[in-house]
Amino acid sequence: MSTIKTFVRSVTDLWSLLVGLQITGRYFRQPQITVHYPRNVVAPEDTVSYRGPIALVPHPRDPTKSKCTACMICVAACPSSCITVVKAPVPEITPEQEQAFQEAEARGEEVERPTAPREPVTWINDFSLCSLCGLCVEACPPRCLTFSHDLYSVGTGRDAFKHDLLIPYPGSLKPPPPKATES
Ligand code: SF4
Ligand code: SF4
């Protein structure tokens, strides 16, 4: 009985081995689909379905700016707290402008004081913490976040993964320079 069992097991094992070798042989004959990074890179058309680090969508009327309105909803939605957005500040008013506003108000005129542009001056995603869950992409009301197809997010330290999403947008507002401290 035990001899029959051993024989059946040997035949089953041999069959499994042959099936495995057949699969290996089939793939061995197919063209290579991996690339030798960094000497070679994947063709852009082969990365369209890849879900890479998040990116901002360009503004439809001005592609030098992102579509972000600095509403901060993605910051609240991110479970990993890896998004930092800083809104553009209210433009500074010169003393002359302030005086003109006050005089106009004294005359009973309706004064429209400058307000903060609805734009970010800083937009950082700490990709070392990001789980690519997509909650920020879904939460963004103007639909200005998307997943990039960037395969090559590499670095030698954590700071390399702090992605500045405004870099592709040279028309973005810049953070105001730090105020000089009085000595
Ligand atoms: S994909 Fe998820 S973890 Fe990554 S930034 Fe968006 S909300 Fe945060
Ligand atoms: S990316 Fe979208 S949700 Fe986030 S601050 Fe900009 S507009 Fe708001």
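Leaving aside its neighbours within four places in sequence, which residues is W123 in contact with? Hello everyone, let me answer that and then walk you around the model. W123 is in contact with L56, C68, V85, L165 and L166, once neighbours within four places in sequence are set aside. By contact I mean that the C-beta atoms of two residues, placed from the backbone, lie within 7 Å.

A quick word on ground rules. This is a predicted model, in which local features need pLDDT of at least 70 and side-chain atom pairs count only at pLDDT 80 or more, while totals for chains, interfaces and linings use all residues. Residues are numbered from 1 along each chain as its sequence is written, and chains are lettered from A and ligands numbered from 1 in the order in which they are written.

Now the overall picture. The protein chain has four helices and five strands, where helices (H or I, at least four residues) and strands (E, at least two) are DSSP runs numbered from the N terminus. Starting at the N terminus, their order is α-β-α-β-α-β-α-β-β. The radius of gyration of the protein chain is 29 Å, well over the 16 Å that the globule rule gives for 183 residues, so the chain is more spread out than a compact globule. That radius is taken over C-alpha atoms, and the rule is 2.2 Å times the number of residues to the power 0.38. Along the principal axes, the C-alpha trace spans about 110 × 40 × 40 Å.

How much of the chain is buried? Buried residues are 11% of the 183. A residue is buried if 20 or more other C-beta atoms lie within 10 Å of its own, exposed if 12 or fewer, and partly exposed in between, with C-beta atoms placed from the backbone.

Back to W123, then. The largest nonpolar core has 15 residues, and L56, C74, C78, I83, W123, C136 and L145 touch the most other members. Such a core is a set of buried Ala, Val, Leu, Ile, Met, Phe, Trp, Tyr and Cys residues joined through C-beta atoms within 7 Å.

Next, the strands. β3 (residues 120–126) runs antiparallel to β2, joined by five bridges; two strands pair if DSSP finds at least two bridges between them.

On to the ligands. Around ligand 1 there are 14 residues, of which C78, C130, C133, L135 and C136 come nearest. To be near, a residue needs its C-beta atom, placed from the backbone, within 6 Å of the molecule or strand. This shell has 10 nonpolar, four polar and no charged residues. Ligand 2 has 13 residues around it, with C68, C71, I73, C74 and C140 nearest, and its shell has 12 nonpolar, one polar and no charged residues. In these counts Ala, Val, Leu, Ile, Met, Phe, Trp, Tyr, Cys and Pro are nonpolar, Asp, Glu, Lys and Arg are charged, and the others, Gly among them, are polar.

Last, two loop residues. P79 sits in the loop between α2 (73–77) and β2 (83–87), and counts as exposed because it has 10 C-beta neighbours inside 10 Å. Not counting residues up to four places away in sequence, P79 touches C133 and L135. S148 lies in the loop between β4 (145–147) and β5, and is partly exposed, with 17 other C-beta atoms within 10 Å.
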